[in-house]
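Hi,

Here is the structure I promised to pass on. Could you have a look at the aromatic rings when you get a moment? My notes follow below.

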Amino acid sequence: MNKEILYKFFEGFSSLDEELAIKNWIKQSDHNRREFFSERKIYDASILLEEERKELRNTPNKSISLGAIVKELIKIAAIVAITLLGGHFYSQYTSSLDMQTISIPAGQRANILLPDGTSVWLNARTTMKYPVSFNGKNRHVQLDGEAYFNVAKNTKKPFVVQTKQYNIEVLGTEFNVEAYSDTDIFETALMSGGVKLSLIDNPAEILILSPNTKAFRQNGQLLTAAIDNLLDYSWIEGFISFRNESFATIMGEFEKSYGVQIRIENKNVNDYKYTGKFHQSDGVDYALRVLQKDMKFVFYKDAEENIFYIK
């Protein structure tokens with residue numbers, strides 16, 4: 001199969017005849033199928049690699065330390081290696097050629113460009129399913145986790161994000177969604193444009209959001225409020241931000257952002273609230289040392305199990 005046609009297909013620009021030719025070629029042999037997925041993984045890895053390179057290039061030279069450069073290069077190498085090896089990071093494919101799945105583990109985040117030009121940042125422990133091309137009546141993706149969408153405008157094809165509890169429909173806008181299926185937390189924060197939320201089990205239950213407002217679940221109800229802290233969504237820039245949060249809540253964010261486990265054995269730490277932010281690249285050891293300045297606790301790491309103990 002001509003690789004130029006394959007890459008047109010990956011980018012969402014192939015014609016119907018080219019798509020049919022690719023599907024028929026894949027069905028001809030297991031070798032062709034393996035080659036298709038191999039090329040797809042290389043293509044996906046190149047996107048992630050370019051994003052990491054951009055991040056390095058856009059960082060002012062005076063603020064780049066040798067350690068930071070090494071960290072970024074290691075991260076780039078890890079992303080590419082795990083992608084090509086088909087590990088748990090990125091990405092699994094369904095049996096259908098038309099849908100694919102990207103999964104981000106704890107301690108990572110990624111930015112991808114969908115076939116329609118929509119930009120999506122995916123936070124740690126997030127899985128998203130999306131089609132190779134948006135050929136239907138709408139542009140539909142499935143989300144389990146947290147993502148920041150900058151949706152390409154198309155008045156003829158609504159963009160729909162399906163989560164465990166709600167559908168979020170837009171035409172072209174910028175918004176953040178947090179909807180991990182293993183928690184009861186659901187929040188959609190709208191920065192610009194407009195979104196319509198509908199309950200999966202009751203589509204007639206609809207909520208329209210206006211810019212600078214958010215919708216969230218509380219005690220089983222969907223409520224709205226003004227966005228009062230944009231730092232809550234600075235994770236796409238590599239920050240871990242919190243305001244008046246408990247120690248346990250912050251440790252939960254550290255576990256997600258750094259890919260570690262944290263066991264709190266000193267119960268006194270939960271008597272305090274904290275406000276601040278850390279850059280993810282600073283590392284969990286640095287963040288814990290900063291928190292130590294406000295109260296007394298010690299921590300140590302079980303390197304073999306990758307567990308931090310707070311005492």
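Let me start with a charge over a ring: Lys-214 lies over the face of Phe-216, at 6.0 Å from the ring centre. Arg-125 is placed over the face of Tyr-180, at 4.8 Å from the ring centre. The criterion here is NZ of Lys or CZ of Arg within 6 Å of the ring centre and within 35 degrees of the ring normal.

Please keep in mind that this is a predicted model, where local features need pLDDT of at least 70, side-chain atom pairs count only at pLDDT 80 or more, and totals for chains, interfaces and linings use all residues. Residues are numbered from 1 along each chain as its sequence is written, and side-chain values use heavy atoms, with hydrogens and water left out.

On to ring pairs, of which the structure holds 12. Rings of Phe, Tyr and Trp (its six-membered ring) pair if their centres lie within 6.5 Å; planes under 30 degrees apart are stacked, over 60 edge-to-face, and the rest tilted. Phe-247 and Phe-297 have ring centres 5.3 Å apart and planes at 70°, so they are edge-to-face. Both Phe-247 and Phe-297 are buried (under 20% relative accessible area; exposed is over 50%, partly exposed in between, with a 1.4 Å probe and protein chains only).

Tyr-300 and Tyr-309, by contrast, are stacked, at 5.1 Å centre to centre with 20° between the planes. Tyr-300 is partly exposed at 41% relative accessibility, while Tyr-309 is buried at 15%.

Finally, ring pairs join Phe-242, Phe-254, Tyr-258, Phe-278 and Tyr-286 into a cluster.

Best wishes
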